[in-house]
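Have a look at the sequence and the model first.

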Amino acid sequence: MGMKAEDDRSETEIRERAGEPDVFDDFLTGLMDAMETTNCGGDFKNSRQVLTTMGLSSDKQAGILKYMEERGGHCDCGILMNVAGDIIRDSEEKRRASA
Ligand SMILES: [Zn+2]
């Protein structure tokens, strides 16, 4: 675990990081891999597993899943269908803008 400030990252900060590659890219890549070998159970079971593997605290996991839900990702496959494309597009645009 990092320093305390890292662990206490607020939901707003998570939101601001939505366009950044690191956390969301790792999460979406992990979820895509997981969903290749399992079906969506209409919940966030696979998402939680990926976030736990990434070492995120349950508070951070809740913030990320809330963010996904607000953007139309109401379950594992909903995140991939409704949110993943937007986030990947956002992060590519940001990367291009800062290049
Ligand atoms: Zn689903």
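Ala84 is buried, because 21 other C-beta atoms lie within 10 Å of its own. For reference, a residue counts as buried with 20 or more other C-beta atoms within 10 Å of its own, as exposed with 12 or fewer, and as partly exposed in between, with C-beta atoms placed from the backbone. Bear in mind that this is a predicted model, in which local features need pLDDT of at least 70 and side-chain atom pairs count only at pLDDT 80 or more, while totals for chains, interfaces and linings use all residues. Residues are numbered from 1 along each chain as its sequence is written.

Ala84 sits in helix α6; helices (H or I, at least four residues) and strands (E, at least two) are DSSP runs, numbered from the N terminus. Not counting residues up to four places away in sequence, Ala84 touches Leu28 and Ile79, where contact means C-beta atoms, placed from the backbone, within 7 Å. Arg71 is 13 residues from Ala84 along the chain, and their C-alpha atoms are separated by 9.8 Å.

## The nonpolar core

Which residues touch the most other members of the largest nonpolar core? They are Phe27 and Leu28, in a core of 13 residues. At least two residues of this core come from each of α3 (21–37), α4 (45–53), α5 (58–70) and α6 (76–98). A nonpolar core here is a set of buried Ala, Val, Leu, Ile, Met, Phe, Trp, Tyr and Cys residues joined through C-beta atoms within 7 Å. In soluble globular proteins, nonpolar side chains tend to be buried together.

Leu28 also leads back to Ala84: leaving aside neighbours within four places in sequence, Leu28 is in contact with Ala84 and Ile87.

## Helix α6

The buried residues of α6 are Asp76, Ile79, Val83, Ala84 and Ile87. α6 bends by about 50° at Val83, the bend being the angle between axes fitted to the seven residues ending there and the seven starting there.

How does the span of α6 agree with 1.5 Å a residue? Its 23 residues should span 33 Å, and its end C-alpha atoms are 31 Å apart, which agrees. The expected span is 1.5 Å times one less than the number of residues.

## Helix α4 and Ser47

In α4, the buried residues are Asn46, Ser47, Val50 and Leu51. These residues are on the same side of α4, because they cover an arc of only 135° around the axis; the arc is that of the directions from the helix axis to the C-beta atoms. Thr52 and Thr53, on the other side of α4, are exposed. Gly55 follows α4 and has a positive phi, near 85°.

Why does Ser47 count as buried? It has 26 C-beta neighbours inside 10 Å. Beyond four places in sequence, Ser47 is in contact with Leu31, Leu65, Asp76 and Ile79. Ser47 and Gln61 are 14 residues apart in sequence, with 8.9 Å from C-alpha to C-alpha.

## From α5 to Gly72

α5 has 13 residues and reaches 18 Å from its first C-alpha to its last, close to the 18 Å expected at 1.5 Å a residue. Just after α5 comes Gly72, with a positive phi of about 100°; this glycine is in the loop between α5 and α6.

Is Gly72 buried or exposed? Gly72 is exposed, because it has 12 other C-beta atoms within 10 Å. Gly72 touches Gly78, Asn82 and Val83, not counting residues up to four places away in sequence. The C-alpha atoms of Gly72 and Asn82 are separated by 5.7 Å, although the two are ten residues apart along the chain.

## The whole chain and its confidence

The protein chain has six helices and zero strands. Of its 99 residues, 18% count as buried. Among contacts between residues at least 6 apart in sequence, 59% join residues at least 24 apart.

The chain averages a pLDDT of 83, and 79% of the residues score at least 70; pLDDT is the predictor's confidence in each residue, from 0 to 100. Confidence is highest in α4, at 96, and lowest in helix α1 (residues 4–7), at a mean of 47. Over residues 1–7 pLDDT stays under 50, and the model has three contacts beyond four places in sequence for them. Where pLDDT is low, the predicted coordinates should not be read in detail.

Definitions and conventions
Contact = placed C-beta atoms within 7 Å.
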